[in-house]
Amino acid sequence: GKVRAPTHIISTISDDRGEEPCYAGVPMSSIIEQGYGVGDVISLLWFKRSLPRYCTKFIEICIMLCADHGPCVSGAHNTIVTARAGKDLVSSLVSGLLTIGPRFGGAIDDAARYFKDACDRNLTPYEFVEGMKKKGIRVPGIGHRIKSRDNRDKRVELLQKFARSNFPSVKYMEYAVTVESYTLSKANNLVLNVDGAIGSLFLDLLAGSGMFTKQEIDEIVQIGYLNGLFVLARSIGLIGHTFDQKRLKQPLYRHPWEDVLYTK
Ligand code: ACO
Ligand code: LMR
């Protein structure tokens, strides 16, 4: 009989061996002819299934809203400094991407984890927030450097508006909003931020679409797929900042002495 040599790699999301490449079994020609968008391609390659239009639209809205947030944020700052040091596109891009993490842009997965756990266990916002405080953990998805009760994050409002009129349920997002009401009673800048909005709303998308089993949802949250949305989105802006600096022929950046407190 046939002897099957053991393979060293297993892959389940795409296949380029036939006449045309397939994403999760869907041939490239169908993707183009049926007018699929980036949200559909993300659904196929990340979640290995086609999702309903309101879900792929939500993914696209996340990508568009998080594509950039000006030159002053951690990621853009790093990219700008790197581009001005004469480095290439990929170096400038990854230098910015490397700042994405628990404080900046990369709190989506943890926000989803903590909001899901707290909501599923019916914790009151008081129990949840004070419990986190006791553990010395900042609530992921809450707080912003410049956004506050009186200067709300438009991105969060837009995501909430879309979900309220398109999702079958926004249970987790509403829970996050009750948490925000509690944290806002403590300090003005403890708003639900864009990471927290995406984290909680993606839980609603996963649970409400009927496309995922409970086990699959737990796996997605545990592995941590959702920071990928910010990484992907912000790459668009970081690439733009790289081109901008090159186009402007900006010289090597050196931080001014006056802006450093030299002390012993
Ligand atoms: N949960 C609980 N308390 C908080 C939180 C939070 N998420 N954020 C701030 N506080 C409180 C704490 O008491 C903090 O004191 P500490 O340093 O002893 O913990 C105090 O507010 C001071 O915080 P600020 O200086 O006002 O906050 P800062 O501007 O330094 O931080 C930040 C902003 C990094 C976003 C912060 O709120 C945070 O860590 N949030 C959680 C992570 C997060 O969601 N990041 C994503 C932000 S959105 C984005 O990047 C796209
Ligand atoms: C961002 O999207 O980069 C931000 O919300 C972070 C910031 O400080 O503005």
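A residue is taken to be near a molecule if one of its heavy atoms lies within 4 Å of that molecule. By this criterion, ligand 2 is surrounded by His69, Val73, Phe104, His144, Arg155 and Arg234. The structure is a predicted model, in which local features need pLDDT of at least 70 and side-chain atom pairs count only at pLDDT 80 or more, while totals for chains, interfaces and linings use all residues. Residues are numbered from 1 along each chain as its sequence is written, chains are lettered from A and ligands numbered from 1 in the order in which they are written, and side-chain values use heavy atoms, with hydrogens and water left out.

The protein chain contains 12 helices and 3 strands, where helices (H or I, at least four residues) and strands (E, at least two) are DSSP runs numbered from the N terminus. The C-alpha trace spans about 75 × 55 × 40 Å along its principal axes. Of the 264 residues in the chain, 43% are buried; buried means under 20% relative accessible area, exposed over 50%, and partly exposed in between (1.4 Å probe, protein chains only).

The shell around ligand 2 divides into 2 nonpolar, 2 polar and 2 charged residues. In this classification Ala, Val, Leu, Ile, Met, Phe, Trp, Tyr, Cys and Pro count as nonpolar, Asp, Glu, Lys and Arg as charged, and the others, Gly among them, as polar. Polar contacts are pairs of N or O atoms within 3.5 Å; within protein, one atom must be able to donate a hydrogen and the other to accept it, and residues adjacent in sequence count only if both atoms are side-chain atoms. A polar side-chain atom of His69 lies 2.8 Å from an oxygen atom of ligand 2. For the side chain of His144, an N or O atom is 2.7 Å from an oxygen atom of the ligand, and a polar side-chain atom of Arg155 is likewise placed 2.7 Å from a ligand oxygen. Taken alone, ligand 2 exposes 270 Å², of which the protein buries 84%; accessible areas come from the Shrake-Rupley method with a 1.4 Å probe, and for residues only the protein chains shown count as cover.

Arg155 also takes part in a contact within the protein, as its side chain and that of Asp153 are joined by a polar contact of 2.8 Å. Asp153 is found in the loop between helix H7 (125-135) and helix H8 (154-166). With a relative accessibility of 5%, Asp153 counts as buried.

Ligand 1 has 18 residues around it, of which Arg138, Val139, Gly141, Ile142 and Arg145 come nearest. By class, this shell holds 9 nonpolar, 5 polar and 4 charged residues. A polar backbone atom of Gly105 is 2.8 Å from an oxygen atom of ligand 1. A nitrogen atom of the ligand lies 2.8 Å from a backbone N or O atom of Val139. The side chain of Asn193 supplies an N or O atom that is 2.8 Å from an oxygen atom of ligand 1. On its own, ligand 1 has 920 Å² of accessible area, and the protein covers 67% of this.

The side chain of Asp88 reaches the backbone nitrogen of Val90 at 3.2 Å and is joined to the side chain of Ser91 by a polar contact of 2.5 Å. The C-alpha atom of Asp88 is separated by 31 Å from that of Ile146, a residue 58 positions away along the chain.

Ser200 lies in helix H10 (residues 194-208) and is buried, with a relative accessible area of 0%. A polar atom of the Ser200 side chain is 3.2 Å from the backbone oxygen of Ala197.

Positive phi values occur at two lysines. Lys48, a residue other than glycine, has a phi near 60° and lies in the loop between helix H2 (38-47) and helix H3 (53-65). Its relative accessibility of 42% makes Lys48 partly exposed. Lys249 has a positive phi of about 50° although it is not a glycine. This residue is placed in the segment after helix H12 (227-247), and at 70% relative accessibility Lys249 counts as exposed.
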